[in-house]
Amino acid sequence: MNYIPSTQSEKEAMLSELGLASVEELFSSIPAPVRVEGVNLPAGLTEPELLSFFSGLAAQNNTAEPCFRGAGCYDHTIPSAVAALVSRSEFVTAYTPYQPEISQGTLTAIFEFQTMICSLTGLEVSNASLYDAATAACEAMMMAAVRGKVFGVSRALHPDVRETLATYARFAGIELIELEMSSVTGQTALPQQPLCGALVQSPNFFGVVEPMRELAQAIKACGGTPVALCDPLSLGLLESPGACGFDIAVGECQPLGLRMSFGGPYAGYMAVRERFLRKMPGRIVGQTVDRQNRRAFVLTLQAREQHIRRDKATSNICSNQALCALTATVWLSLMGPQGLREAAEQSAQKAAYVRGKLAEGGIEPLFTGKTFREFAVKASVPGAVKLEGLGSLIAVTEKRTREEMDAFVERAVRACR
């Protein structure tokens, strides 16, 4: 949609209607110390000039080489039907369904999203999505913290999630302790002290698949609530966190049909055991029937949300990433269980192929153990995510062809000689 600014005559008509003499008078109620008196902007451009300017900027993006970067954002296959379906009018609503009963298309999609997340995680209840994986992890920590104020965090957790947890914990009075409990460190024992809960990630930040059953048991032995951060695509191949003994599962929906988009917006998911239902943040869509006994959907348990209960709410989350969650729902529907598993299997197999070829060329993996889609190497490889003082992190998805993988290995080996 093109932006059409107000004309001078329209501005004058507005001021006249308000009984004001100038635009400056319109903003006179804003204290002078916080007002910006002027902005040094370049001269205006015509629409053709502006389009040409941004086309020139876009042309500078280097999109020629296939993507082997990961670290939480992955280049997966997205069927063309996804964009066509999510743009249908049935799913168009205001910013958020505050009058949900008239947004049946959106609520239906959210209900299906919740159902799919429960199926993937092996847990009974899912909410309508959260902002992203990091804030979902923080909400899980806050849920666990009602049983104490010491929360464990695995060393192999994504650094962005760890940083966000630290911010939440600092203002919530929660003590975070770092746990030497992962395949990276080769340990699963927790410190001998009570915990309200602990968060582990599998596959972890380095792509290593963790021993989830042992980790869940170790957390429970300390009296804590076990929380898992899991890539949802990996759950098409790996055992679910619920089956492994975790009470809460969170993660990032970006691999489920959301484009990389330079880092967002995405959608976080959260699923819990039924006993945590009333402690969950955000929205839950429920199924009911209307007066004609037809299937219908409503927002339920809203009493937890801050726009209703304010200081008594379980969280300051009062919304969800409806469009991103819808995209994930459509993608999962199109892929189906078999397509999801195939995408997961191909990602794991192709990552293993590239890892083996790099090792043949003298680029050794940083960690041993089974990996999924992603792995770390000791060398600094061009086109990969740099790990400060460690090497590089490489991701290989089902989109990568044999020719692309072989060319990447050749460049990497040549650069590291």
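A salt bridge is here a side-chain nitrogen of Lys or Arg within 4 Å of a carboxyl oxygen of Asp or Glu. The model under discussion is predicted. By this criterion, the structure holds 15 salt bridges.

**Salt bridges**

One of these joins the side chains of Asp75 and Lys399, with an N to O distance of 3.0 Å. The pair links distant parts of the chain, 324 residues apart: Asp75 sits in the loop between α3 (47-59) and α4 (81-86), and Lys399 in the loop between β12 (391-395) and α12 (402-415). Asp75 counts as buried because its relative accessibility is 16%, and buried means under 20%. Lys399, with a relative accessible area of 35%, is partly exposed. Both residues also belong to a network of salt bridges that links Asp75, Lys399, Arg400 and Glu404.

A further salt bridge connects the side chains of Glu112 and Arg295, at 3.7 Å from N to O. Glu112 lies in helix α5 (residues 104-121) and Arg295 in strand β9 (residues 295-300), so this pair ties together parts that are 183 residues apart in sequence. Glu112 is partly exposed, at 27% relative accessibility.

Asp231 and Arg373 also form a salt bridge, with their closest N and O atoms 2.2 Å apart. Asp231 is in the loop between β5 (225-229) and α9 (241-244), while Arg373 is in the loop between α11 (322-360) and β10 (374-377), so the pair ties together parts that are 142 residues apart in sequence. Asp231 and Arg373 are both buried.

| Salt bridge | N to O distance |
|---|---|
| Asp75 and Lys399 | 3.0 Å |
| Glu112 and Arg295 | 3.7 Å |
| Asp231 and Arg373 | 2.2 Å |

Between β10 and β12, the antiparallel pairing extends over four bridges. Leu393 in β12 is the bridge partner of Ala376.

Conventions. Residues are numbered from 1 along each chain as its sequence is written. This is a predicted model: local features need pLDDT of at least 70, side-chain atom pairs count only at pLDDT 80 or more; totals for chains, interfaces and linings use all residues. Side-chain values use heavy atoms; hydrogens and water are left out. Helices (H or I, at least four residues) and strands (E, at least two) are DSSP runs, numbered from the N terminus. Buried means under 20% relative accessible area, exposed over 50%, partly exposed in between (1.4 Å probe, protein chains only). Two strands pair if DSSP finds at least two bridges between them.
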